[in-house]
Number of protein chains: 2
Amino acid sequence: MKKVYVGMAAVIEKDEKFLILKRSKDRDFEPEAWETVTGRLEADESPVTGVLREVEEETSLKVEVILPLDTGFFYRGGKEFPMVFISYYCKYVEGNVNLTWEHSEYKWITLQEALDLPDLKHFHVMLQNLRNLKKSLPENFKYSFSPTIHL
Amino acid sequence: MKKVYVGMAAVIEKDEKFLILKRSKDRDFEPEAWETVTGRLEADESPVTGVLREVEEETSLKVEVILPLDTGFFYRGGKEFPMVFISYYCKYVEGNVNLTWEHSEYKWITLQEALDLPDLKHFHVMLQNLRNLKKSLPENFKYSFSPTIHL
């Protein structure tokens, strides 16, 4: 059994469009690439709590988490940073986008535009899963998530 | 940013029934309680790879992972064991159930029976999400999952 870092990504929908952010030119990793909101688990929090926190920190938006879209594993910047990631489909609730130093631009684009954007290649699986889900799920569908449990 | 353990749970369906296992009387934690297949991430593997491995180790079954049902955080046996968990809906592919020392019995039960079983209270949220999903998703629905990525 080993410990890993946990990263989250959020695909945020508002009026059939999806939010993407452009990484600042000062970022050491993939500067000026478009991405969705991403973040890492801090302290003792659930990934859903973490992704809501990261969305608010990076964009000022309030969103609700609908369900997970993908899970996986990668090395972030080398083998000393093993990371499990979980990506979530989120829906806009309220607020206006306010970026931090981490991003220089934002856009709301269609799911097809997101799937066609080469920068988003790491997000392709979650976007495909979302496209397939949206063919079947009712508009108001939403998971519940377990509260933090102390066993 | 902190490191955590990652645990997985699998709700395995075969012919509209779901597999539950009874923990051995020798287990130090919750002996003789019914549960689904659970396990922990070992080494550098994705949670999907890990859950397939755990299912095979604990039951000898081959299954396919359909999609995640819940994510959360708990302390496993105290604050020194912070754990993120991801539970998955899986479908039986092949094999016969063969248990290890960890479990003494198994049963295939309906989703309603699982929801009514007090032992499965920690699994209630994932089972409810599964019940809601099954109302809408086509029979052959299945996610793709990202391969392990080396950035």
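**Group meeting talk: two chains, one predicted model**

Okay, let's start with the pair: chain B can be laid on chain A with an RMSD of 0.0 Å, using a turn of 180° and a shift of 0.0 Å along the axis. That is the relation of a two-fold axis. For this, the copies are superposed by least squares on the C-alpha atoms of residues with pLDDT of at least 70 in both.

A bit of housekeeping. This is a predicted model, where local features need pLDDT of at least 70 and side-chain atom pairs count only at pLDDT 80 or more, while totals for chains, interfaces and linings use all residues. Residues are numbered from 1 along each chain as its sequence is written, and chains are lettered from A and ligands numbered from 1 in the order in which they are written.

So, how do the chains meet? The contact takes 43 residues from chain A and 43 residues from chain B; two residues are in contact if their C-beta atoms, placed from the backbone, lie within 7 Å. On chain B's side, the elements giving two or more residues include strand 1, helix 1 (47-59) and strand 6 (82-94) of chain B. The most comes from strand 5 of chain B, with 7 residues. By type, the side of chain B that touches chain A divides into 23 nonpolar, 12 polar and 8 charged residues. Here nonpolar means Ala, Val, Leu, Ile, Met, Phe, Trp, Tyr, Cys and Pro, charged means Asp, Glu, Lys and Arg, and the others, Gly among them, are polar. And 100% of the interface residues of chain B are also interface residues in chain A, so the copies meet through the same surface.

When I say helix or strand, I mean DSSP runs numbered from the N terminus: H or I of at least four residues for helices, E of at least two for strands.

Now take helix 3 (residues 124-134) of chain A. Which of its residues are buried? They are M126(A), L127(A), N129(A), L130(A) and L133(A). They cover an arc of only 160° around the axis, which puts them on the same side of helix 3 of chain A; that arc is taken from the directions from the helix axis to the C-beta atoms. Buried means 20 or more other C-beta atoms within 10 Å of the residue's own, exposed means 12 or fewer, and partly exposed is in between, with C-beta atoms placed from the backbone. The buried residues of this helix pack against strand 1 (5-14), strand 5, strand 6 (82-94) and helix 2 (111-116) of chain A.

V11(A) has contacts there too: among its partners are M126(A), L127(A) and L130(A), along with F18(A) and L69(A).

Next, the strands; two of them pair if DSSP finds at least two bridges between them. Strand 1 of chain A runs antiparallel to strand 2 (residues 17-23) of chain A, joined by 2 bridges, and K14(A) stands opposite K17(A). They form a hairpin with 2 residues between them, and D15(A) in the turn has a positive phi of about 50°. Strand 2 of chain A also pairs antiparallel with strand 7 (residues 103-109) of chain A over 6 bridges, where the partner of I20(A) is K107(A).

Last thing, phi again. Most residues other than glycine have a negative phi. E16(B), though, has a phi near 65°; E16(B) sits in the loop between strand 1 (5-14) and strand 2 (17-23) of chain B. E16(B) is exposed, with 9 other C-beta atoms within 10 Å.

Key
Lists of a residue's contacts leave out its neighbours within four places in sequence.
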